[in-house]
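Dear colleague,

I am handing over the structure below, and after it you will find what I found when going through it. Please read the notes with the model open beside them.

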Amino acid sequence: MLESLIHVCLAGLSKGMFIWLVASGLTLIFGVLGVLNFAHGSFYMLGAYFCYTLLSMFSDNFWLGLALGPLCVCAVGFVVERFFLRYVYHLHLPYQLLLTFAFVIIFDNLVKILWGGGSIGSPTVTGMAGSVSIAGRLFPTYSLFIMAVGPLVALGLWLMLEKTWAGRIIRAASSDREMASALGVRVPALYTGVFVFGTWLGAMGGGLAVPYVGLLTPGMGEGIIIDAFVVAVIGGLGSLKGAFLGALIIGLLSSFGTRFIPSFDMFLIFILMAGVLLWRPQGFFGEAS
Amino acid sequence: MFKKGLTRRDFVKAGLLTAAATGLGAGVLKPTGLWAAEAKIKGPVKVGYQAILSGTLAGYGEFHKMGVDMAVEEINAAGGIGGAKLEVEFRDSTLKNPEAIKNARYFVDSWGADFLAGVDSSGQALALAPVMAQLDKPLMVTHAATEKLTEQEVFKNGVKQIFRICTPTYQDGNAAAFVAKDLPAMKWATISPKYEYGYTCWGMFKDTLGKLKPGTEFVAESWAPFGTTDFRAHINTIMDANPDGLYSVEWAGELITMMKQADQAGLFKKIKHVMLPVGAAMDVLEGLGAEMPDNIWISGRYFFLYPDNPKNNEWVAAFQKRWKHYPAYVSETGYSSIYAFKAAVEAAGSKDTKAVIEALEGMEFDSPAGKRVFRKEDHQAMYSVPWGLTKADPKYPFKIMGKMVVIPPEECFNRPPFEGAASMPPFKS
Amino acid sequence: MGRYLPYMAFGLLIVLLVCIGLFADRFVLYLTMRVMLLSIFALGYNLLLGRTGLLSFGHAAFYAAGSYGMALFYLHINPDPLLGILAGVGLAVVASLVIGFFCVRHTEIYFAMLTLAFGMMVFSLIWNLRDITGGDDGLVGIGRNPLLGFSIAKDSQYYFLVVFFFALTVWIIHRIRSSPFGLVLAGISENHQRASFAGISIKSYRLAAFVISGAFAGLAGSLGAMLESNSDPFSAHWTHSAEPVLVSLIGGLHTFSGPIVGSVLFVVLREIIERFTQNWMLWLGIILLVIIMGFRGGAMGSAEQYLARWGRKFREESAS
């Protein structure tokens, strides 16, 4: 029983960290730009496809693919923000959401045209293909790697936002756009920068998903974006700390739920999401308004 | 992006025409020319084909299309169907019922289809039943597997317009049980899709295996929602139950993901008997490649190495030459659906619905998958698909079936009147 | 003259619909019914979105409530079509009252996310309560029994029932929009603080709009169940909620006729695109992009602007 509990826990933690990798970029963009980006799932998908293509070009060197793939997606993110999203910041919510929704449709179909509609089984990572024995049962090495990368990304984001000059400007702009602008911050450029950085995070999530999920399909971003929304919401929209915790909660909840409640379903997770929105919309760390 | 043979000007011209016709014009005027349904025996034979062409399962639609396109090319090169040209149009079925219905109505009422084929989802197939009765054109289902379609709609409700050329859930549930009864496994568990298909197949497997081998235990069930990408929690559930055998009707991409994650968790080291009723699908075999473990029981709706006879081998070679691909099972069912219509029209000497249905009922015809017979009562094609054990073969970059076992459809398919235990295998005679 | 224009347009529309019903072939008839159902869904929805400024991702749940309510009533209680529609709309009203009660506490993105969560709960329930809902297979075998002695079994007969409910919807929504209630909604959307200073209970107005739009979603759903003869679990999925938003946007978010025009364009454009490419979704995405970037008023909004400019120019020219 104990070995089972340990493994259910590990599975939950790795799933949580995996969702966090995607939700972090979504949360950052929402926190600064105030836009909930449906297309973040598409950046995740594009990250996976670019990473896969590049690693196939460089004789299956996963790390090279992971380094270069997300950078290509950043260029896509730049175009989306600079030439489209920028013109709808002042508009009502439906326009912003639908614009990003339009990109979801477009990217899904472009991927289908460029890479084919079929699923692509992805290669394993050299040196991480195997499993290690934990408590008498095997656990994939790569999942351990994901569990390490998640907190590292969180730490990196925290250091960047709290300790660097750029981080201070980002925080200033997200709390009061006009004030920051009056103080001489070039807000539009900053927005572009944050959006591209958020895109990079999403695409990294996609690149890292290649061996984790083991499969690429057009439309693969649509599943993860709902998970990321849930995580971002229960953490308090825009709060990175909250999203990190939210991802852990969702990962563990779905792992334990799947194991111990036979009728477990996303239903419970959506109840949690609604509950948080109703009673603590600012999330775990936000202050009550 | 545009289909071959259409220039931009055609696009604009036809677009305007279509706009006028669909919007207002056709509202008042009876359609003519392009829009008129062909009523005479002469003229092209038109087949409207719908399959999933978007989303995560879009690859299936592409495989359908390869098989169908090949049949059209072959038939037209050889003089068509009874001298008439064969035309096929494709539409994306998405996975939503209203879209499937709209497609069917478009094909028949607007494009003038004589026959319909395709359909991946069971829900869509069931939703189409009353529509086909109304439109009164034959529909050949090439992928949807629900037994309710043939048992309820065709046999009980009398929707005679519907036929199914692929194997139904009997192959996935009952036939699997016939294979499982000879395995030294007494405790079985499942990870299967959390929808009707999963529930039905596991139910049939349990039921039939329980009858064939009393004393068999079914120790764990873990249902994975549509779109699952992380099977680790499900795998834990199964390993905790410590079964001798794992049965799973996961399919397509989700099966690939599950197999990879199960392998990482060491599941195949602990559980020696694994049965995957749709594991022999080409996308799964190619997607897993060498990562598919050896000695897994797999099956499908067709496997390209069975039957090992000239007709099938030549077809596989021709398919490979044409598409640089091995045929997926939907390629075969799509391909054969067109030939089934051809055989029926030529036998009936007409493409009239009633005549074609009569010709199809009980019709025996040869296809790459072997001899098929449409059972008169429920319009289900009776043909055998092997179950086999995976093994590596230097000739292929993926695992193939080594040892094969064939359970004849007469033995494992439910029988009319589909009521009571006597309708379900095992049968006395 | 200008005052009678809407009534004339409405009359013309009905005459056109009747002509289609009398003379068109079966596919055009069917498509027109689909357009009308989508219009009913979107007209109700736009009362919430266009008038009150609330973006819901949960209205597919009310469409499904109508569809399943109708289907269950038909299959288990009484096969009368009118009672069935009443049951469907009733279930949708109850569902939207309960869900709306919670959701109207928030606005903007929080409202959108709450409706998403509740809508997906309904989807999940439909998917999992297999004994009642048929799971992913949905409910099949919904027939069309005579209505008050008139047969509606044939498409050409059922069509006129849809026209009736479509006309009813247009009339009711028009009345609501021009009623004091509708004006208050518009006021809330423009400035909710001022509205609340004026002593208006914002939440109850929002809830009322939410329930009315839910009821029309339910009406569309129950009519849809009869049209397609089945109820579909995916009709409760959040992506289905995006449809009335798209349609309203294409037609014009802030106009009364926007949802109708948008529905026509959405269905007809798709029909045209699908005749030439299987990648119709790609083109839908591009069209959306163009509308959001360049024609935010939608078809009707842009037409109004164009007419206004043309009118001004005309007056200037005739004045000089």
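M147(A) counts as partly exposed because it has 17 C-beta neighbours inside 10 Å, where a residue is buried if 20 or more other C-beta atoms lie within 10 Å of its own, exposed if 12 or fewer, and partly exposed in between, with C-beta atoms placed from the backbone. Its place is in helix 5 (residues 141–163) of chain A; helices (H or I, at least four residues) and strands (E, at least two) are DSSP runs, numbered from the N terminus. Leaving aside residues up to four places away in sequence, M147(A) touches L13(A), S14(A) and M17(A), contact meaning that the C-beta atoms of two residues, placed from the backbone, lie within 7 Å.

Before going on, please note that this is a predicted model, in which local features need pLDDT of at least 70 and side-chain atom pairs count only at pLDDT 80 or more, while totals for chains, interfaces and linings use all residues. Residues are numbered from 1 along each chain as its sequence is written, and chains are lettered from A and ligands numbered from 1 in the order in which they are written.

Between chains A and B, 32 residues of chain B are in contact with 28 residues of chain A. On the side of chain B that touches chain A, helix 2 (58–77), helix 9, helix 10 (252–264) and helix 12 (282–288) of chain B each supply at least two residues. The residues of that side divide into 9 nonpolar, 17 polar and 6 charged, with Ala, Val, Leu, Ile, Met, Phe, Trp, Tyr, Cys and Pro counted as nonpolar, Asp, Glu, Lys and Arg as charged, and the others, Gly among them, as polar.

Chain B also holds an open sheet of 7 strands in the order 7-6-8-9-10-14-15, with mixed pairing, two strands being paired if DSSP finds at least two bridges between them. Its edge strands, each pairing on one side only, are strand 7 (217–224) and strand 15 (400–406) of chain B. Strand 14 (residues 386–391) of chain B pairs with strand 15 of chain B in the antiparallel sense over 5 bridges, and W387(B) has V405(B) as its bridge partner in strand 15 of chain B. Helix 9 (residues 232–241) of chain B packs on this sheet, touching strand 6, strand 7 and strand 8 of chain B, and its direction makes about 170 degrees with that of strand 7 of chain B; axes are lines fitted to C-alpha atoms, for helices over the stretch in contact, and angles run from 0 to 180 degrees between N-to-C directions.

A second open sheet in chain B has 5 strands in the order 2-1-3-4-5, with parallel pairing. Here the edge strands are strand 2 (86–92) and strand 5 (162–164) of chain B, each pairing on one side only, and the twist averages 20 degrees from one strand to the next.

Elsewhere in chain B, helix 14 is largely enclosed by the rest of the structure, because 17 of its 20 residues are buried. This helix of chain B is followed by G349(B), whose phi is positive, near 70 degrees.

In chain C, the axes of helix 2 (residues 26–51) and helix 10 (residues 202–228) come within 8 Å and cross at roughly 170 degrees. That makes helix 2 of chain C roughly antiparallel to helix 10 of chain C, given that angles under 35 degrees count as roughly parallel, over 145 as roughly antiparallel, 65 to 115 as roughly perpendicular and the rest as oblique. By class, their contact has 18 nonpolar, 3 polar and 1 charged residues.

With best regards
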